[in-house]
Amino acid sequence: MSTVTVYTADQVAVHNKKSDLWCILDGKVYDITKFVDEHPGGEEVLLEHAGIDCSDAFEDVGHSEDAREMLADFYVGDLDGASVPAGPPKAPVAKSAAASAANQKQNDTGSGFTQFALPLAILVAYFAYKYYAGAVQAE
Ligand code: HEM
């Protein structure tokens, strides 16, 4: 039986240099230190995402199936989702799970208002007007 090691975002964040480089991809933690020099996309991009979430950057590039399979060699554990700090992402394109969830929530509130409350208000106003117009006519 194998137990998965769970790391907090802070624990991953300290591995942020070329000689000790970890990154987070879809909630999984990878030690890519040995891969930095071999990365076809160069070391620069990996260093930019050192110790943080690189899921969006990785997807944006459209990595091959081979690249995805390589990840298994570097896997060291899972990310403790609850440890991901809320707030702006640390890298321009990197989005933490918590930040995405917060954005989602904001979007929900916005669309909830426009999709539900606003039409309802218009409907109520319409019937109020009809009632008023009917009442005036009946007089
Ligand atoms: C974290 C683990 C990563 C692995 C194992 C990995 C692996 C690879 C591999 C195998 C390729 C060759 C093309 C392919 O097979 O898709 C590649 C290309 C590339 N990677 Fe990554 N990559 C990783 C992370 C990243 C990140 C975080 C970025 C950030 C933007 C990135 C940017 C690129 C770019 C720009 C190329 C294209 C290079 C070219 O075609 O000239 N990679 N990567």
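1. Asp26 adopts a positive phi near 50° in the hairpin of β3 and β4, where two residues lie between the strands. Strands here are DSSP runs of E with at least two residues, helices are runs of H or I with at least four, and both are numbered from the N terminus. The model is a predicted one: local features need pLDDT of at least 70, side-chain atom pairs count only at pLDDT 80 or more, and totals for chains, interfaces and linings use all residues. Residue numbers start from 1 along each chain as its sequence is written.

2. Within the pair, Trp22 stands opposite Asp31 in β4. β4 is also joined to β5 (residues 75–79) by three bridges, again antiparallel, and there Val29 faces Gly77 of β5.

3. As to the overall architecture, the chain holds five helices and five strands, in the sequence order β-α-β-β-β-α-α-α-β-α. Of the contacts with a separation of 6 or more, 68% are between residues 24 or more positions apart; a contact means that the C-beta atoms, placed from the backbone, lie within 7 Å.

4. Of the 139 residues in the chain, 17% are buried, that is, 20 or more other C-beta atoms lie within 10 Å of their own, with C-beta atoms placed from the backbone. The largest nonpolar core has 18 residues, among which Cys23, Ile24 and Cys54 touch the most other members. Such a core is a set of buried Ala, Val, Leu, Ile, Met, Phe, Trp, Tyr and Cys residues joined through C-beta atoms within 7 Å. At least two residues of this core come from each of α1 (9–13), β3, β4 (28–31) and α3; β3 supplies the largest share, five residues.

5. The ligand is surrounded by 21 residues, the closest being Gly41, Val45, Cys54, Ser64 and Ala67; a residue is near a molecule if its C-beta atom, placed from the backbone, lies within 6 Å of it. Two or more shell residues come from each of β3 (20–25), α2 (43–48), α3 (55–61) and α4 (65–74), and α4 gives the most, four.

6. By class, this shell contains 15 nonpolar, five polar and one charged residues. Here Ala, Val, Leu, Ile, Met, Phe, Trp, Tyr, Cys and Pro count as nonpolar, Asp, Glu, Lys and Arg as charged, and the others, Gly among them, as polar.

Note on methods: A residue is buried if 20 or more other C-beta atoms lie within 10 Å of its own, exposed if 12 or fewer, and partly exposed in between; C-beta atoms are placed from the backbone. Two residues are in contact if their C-beta atoms, placed from the backbone, lie within 7 Å. Two strands pair if DSSP finds at least two bridges between them.
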